[in-house]
Every structure is written in C-alpha cells, then in structure tokens.
Amino acid sequence: MEGQLAHIGAGLAAIGSGAAAIGVGNVAGNFLAGALRNPSAAASQTATLFIGIAFAEALGIFSFLVALLLMFAV
Amino acid sequence: MATKTTDAAGHAAEAASAPGMPQLDFSNWGNQIFWLLVTLVVIYLVLSRIALPRIAAVLAERQGTITNDIAAAEELKAKAVEAEEAYNKALADAKAEAQRIVAEAKAEIQADLNAATEKADAEIAAKAAESEKAIAEIRAGALESIKDVANATTSELVTALGGAADDAEVAKAVDAQMKG
Amino acid sequence: MASEAHGAEEGGLVFHPMDQFIIKPLFGGDHIGLFTITNATLWMALAVVAVVALMVVGTRRRAIVPSRGQSIGELAYGFIYKMVEDVAGKDAVKFFPYIMTLFLFIVMANFLGLIPMSFTTTSHFAVTVVLALLVFVTVTVVGFVKNGAGFLGLFWVSSAPLPLRPILAIIEVISYFVRPVSHSIRLAGNVMAGHAVIKVFAGFAAIAVVSPVSVVAITAMYGLEVLVAFIQAYVFTILTCVYLKDALHPSH
C-alpha cells in the first residue's frame, strides 16, 4: 500500500516536469518575440536566454528528482 | 519500499539490478570525490601549464600575422598605385618624345626637301640659262649664216641679173630687208 | 524497484533505467574504498585523455593556419574566454583556466557518457555537488577577500524600499545558499534524466509491435541529449561566471 502511494506521488511529482516545460517555453517564446522586434539586440542576450532557461528547467529537474526519489529511494 | 519488494522477490533480483538510485549510495561518494579531484587537478595543470598559454600564443601570433599581412598588402597596394603612376608618366613622356621626334624628323625632312628643291631649282635655272644662251648663240649663228647666205645669194642674183654686186650695198639691203 | 521485481517475475517488460549508473570496481572485488579504480574513475580518466587530446595534442603544431583539431581547441578557448570576459568582467580573466577546466571536464564527460555502454560521471551527484561546491566556495572566498564585509551588500538590496529590505535580505541569503544545490542538481538531473529516458525507451523495444517507435524515440532522445550535453556544460559555466561576477562586483 505504501509502495503504491509512493508511485502515485512520483506520478504527481512528474507533473512538475510539464510545468517546467511551460516555463521554458515561456522564456524562449518571449525571447523570440523580443528578438524579432529588435534583432540587433538579440545576439547579446542569448546568454541571458540560456540562464533563464536553465533556471526554469532546474525546477522541473527538481520535480523529476522527487519522482525518482519516490520511485527508487523511499 | 525498495528493500521490502526486493526482500519479497528474493536476493537474486537485488544482485541483478541497482539498489534504488546508485547516485544516493553514499558509500562510494568518497571514492568518486577523490578521483574527481584528481581529474580536475590534472586537467587544471595541463590547461594552465601547457594548453592555454600555447593557444593564447598561437592566437596572438595569428593576430600579429594578420595585422602584418594587412600592412604589407596596403604597402603593396600603394606600390602598385605608384607603379601605375610611374607607368602613366613614362607613357606620357614616351608619347611626347615620340611626337617631338616625329616633328623633328618632319622638320629635317622638310629642310632637306627644301634644300634639294632649291638646288634642283638652281640647277634647272642654270641649265635653262645655259640652254637659252646656247639657243641665243645658235640663233645668232643662224642669223649670221642667214645673213651670209642672203648676202651671197643676193650678190649672186645681182650678178646674174647683170649688175655689179657691191658687197657693202648688198649687206645693207639685206639688213634692211631682214629687219623689215 | 517494484516494477523491476514484478517484471522479472512476469518475464515481460524489464526496466532497469538506473542500472547504467551503478559504480563497479574495475578490477574485481566488490568493496569500493577511497582509492579503488572504478568505472567512474575510468571515464574520468578518459575525459582527461579527451581534454589532453583536444587542447594539447590538437594544438601541438601551433599552426598559424589551424588544422581541424586545433581550430576546435581554439574555438573552445575563444568561446569560454569571451564568456568570462563578457559575463564576469575583465578582472575575472585570472579565473579563466579554472572555468575552462570546469567547462572542458563537464562537456567531455557529458559527451563521453553519450557513447553507448559508457558510464556518465556527471550523472552522479557526488561529482556535480563537488563541482558546484568548488564554485560556491571559490565565489564566497573571492567575494570576501576582494570586498571584505562589503560582499554582504549583495544581500542588502539598496534599491528596494527600506521596510522591505530585511525580507529581501532573507530571500537573497536563501537563494545564495540554494545556488550550489540547484547548480549541481541541474547538471546531474538533466544528464541522468536523459539517460534514464533513453533506457526506458530501450526497455519498450522488447515488445515487437512498439519497437520501431521505440527505436525512433531513442534516436530522437539521443539527438536531444547531444544538445543537452553541450547546453548543460554551457549553463554550468555561464552560471559560474555569473556567480563570479557577483563576487567581484557585489553592488546591485
């Protein structure tokens, strides 16, 4: 019973990955919108883009990690 | 939970697969950390002692070479422009010289021609004068001869007609007749 | 674990997505001491070999017109050098060999881990936590040595209204200490997730009907992982530069 609950928890935690995907898409999409408005400034901001994506993705990775912990380590 | 299931499934399953997440097996962290530090120190030493100074030197050298090459190329370009100017100047000079030579030659030829023409004219004039003189002489000679012949003929005629030919009278009459 | 056990019992689908991360001693024995040569040691050593091959052997001719290997080495050099200069500032250039070491190790370990049947050292938290802590300790020490107590100004947001500042300071301190956590888990999590997903798809290939889809999915994931391998190394490096910039110029 406990094990099944852990699996359900892992599934719930995996929702976080989807949320992170929304976040990453938001970052990239807004970057693209801005870059199309002012293409000359885009090249200098790619580093910022990657940092933003990394921060957004890290949280998704955290939820993935929680899922893994529930699956394998609890 | 993992251990429980594994216990249920028997120890064979545990030997075959991972005990949960290998990442969370803290018993081997010391080993990994030790070798990671060794790895990082080795890479750091290799990079900072050998690789990075070398690449920096190569990049600096390349930058220098490029700068030098650009300078050399500009110098060559300037030289080329100079050479073109010199060539144009030489061409213009040569043209002027050629024209000068042509003009000189023309003048010379003209002078020669004039001289030759003059000489020829003079010769022709001299010859013409000579010829005229000769003709005049011949004509004078002819007149004399005519006069002689006329005198003689007149004398003969006068004699034949029974008159006494007086040479002086005859000459005078012939002269008058010829002038007339 | 449960699914594995059940799978083994039923003889159907068997998933061992985490088995590829098991650390084994290379030369027999099952005890892992501090100096035991394990598969992790081997692949770290191979990462060193790859770095040496790229940065030392590739550039041995010092050619003005570079060969392919040399131009890749020079590209990596210029890439990281420019990143350090642009993000962390001109006075951070003395940390360039250190950052270059981190970048090259991570990128080489990630790419070597993509070779089938290989072992990915950067998928282990032991490795990434050490890398992140090295950055964290370096940044903190450099910050205090360079700025003294002025480094604490990093947490005191002077542009915010005064009543808000203590709350912001708490948030800033927390976020400062969460940095090594997210820094390390991001790298290991990304790499581990990609490899585990590929393994899961590989498990599906056992079913004949699904296997073509599974193979296509593995190929697609592999392409994504090649991208992730580089991007994560890039992100790790650029975040190191950002943290270093905070240490060198703490004013907000």
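Author: Let's start with the terms: helices (H or I, at least four residues) and strands (E, at least two) are DSSP runs, numbered from the N terminus. The model is predicted, and local features need pLDDT of at least 70, side-chain atom pairs pLDDT 80 or more, while totals for chains, interfaces and linings use all residues. Residues are numbered from 1 along each chain as its sequence is written, with chains lettered from A and ligands numbered from 1 in the order in which they are written.

Reader: Okay, what makes up residues 48-73 of chain A, helix or strand?

Author: That span is 100% helix and 0% strand, with its end C-alpha atoms 36 Å apart. Residues 12-36 of chain A are also 100% helix and 0% strand, and their end C-alpha atoms lie 37 Å apart.

Reader: Where does the name "transmembrane region" come from for chain A?

Author: From UniProt, where an unreviewed entry lists residues 12-36 and 48-73 of chain A under that name. Such annotations may be inferred rather than shown by experiment; the positions are given in the numbering used here, and feature names are shortened.

Reader: What share of chain C counts as buried?

Author: In chain C, 39% of the 252 residues, and in chain B, 12% of the 180.

Reader: Why is α4(C) called roughly antiparallel to α7(C)?

Author: The axes of α4 (residues 96-113) and α7 (residues 211-248) of chain C come within 8 Å and cross at roughly 160°. Angles over 145 degrees count as roughly antiparallel (under 35 is roughly parallel, 65 to 115 roughly perpendicular, the rest oblique), so α4(C) is roughly antiparallel to α7(C). Axes are lines fitted to C-alpha atoms, for helices over the stretch in contact, and angles run from 0 to 180 degrees between N-to-C directions.

Reader: Which residues make that contact?

Author: Among them are C:Phe103 and C:Ile106 of α4(C), and C:Ala233 and C:Phe236 of α7(C). Contact means C-beta atoms, placed from the backbone, within 7 Å. By class, this contact has 11 nonpolar, four polar and no charged residues. Ala, Val, Leu, Ile, Met, Phe, Trp, Tyr, Cys and Pro count as nonpolar, Asp, Glu, Lys and Arg as charged, and the others, Gly among them, as polar.

Reader: And what makes α3(B) roughly parallel to α2(C)?

Author: Their axes come within 10 Å and cross at roughly 10°. That is under 35 degrees, so α3(B) and α2(C) are roughly parallel. Residues including B:Trp35, B:Leu36 and B:Ile43 in α3(B) meet residues including C:Met44, C:Val48 and C:Met55 in α2(C). The contact divides into 16 nonpolar, three polar and no charged residues.

Reader: How many residues of chain B are in contact with chain C?

Author: There are 39, touching 45 residues of chain C. On the side of chain B, α1 (2-9) and α3 (29-160) are the elements giving two or more residues. The most come from α3(B), with 26. That side of chain B has 23 nonpolar, 13 polar and three charged residues.

Conventions: A residue is buried if 20 or more other C-beta atoms lie within 10 Å of its own, exposed if 12 or fewer, and partly exposed in between; C-beta atoms are placed from the backbone. Two residues are in contact if their C-beta atoms, placed from the backbone, lie within 7 Å.
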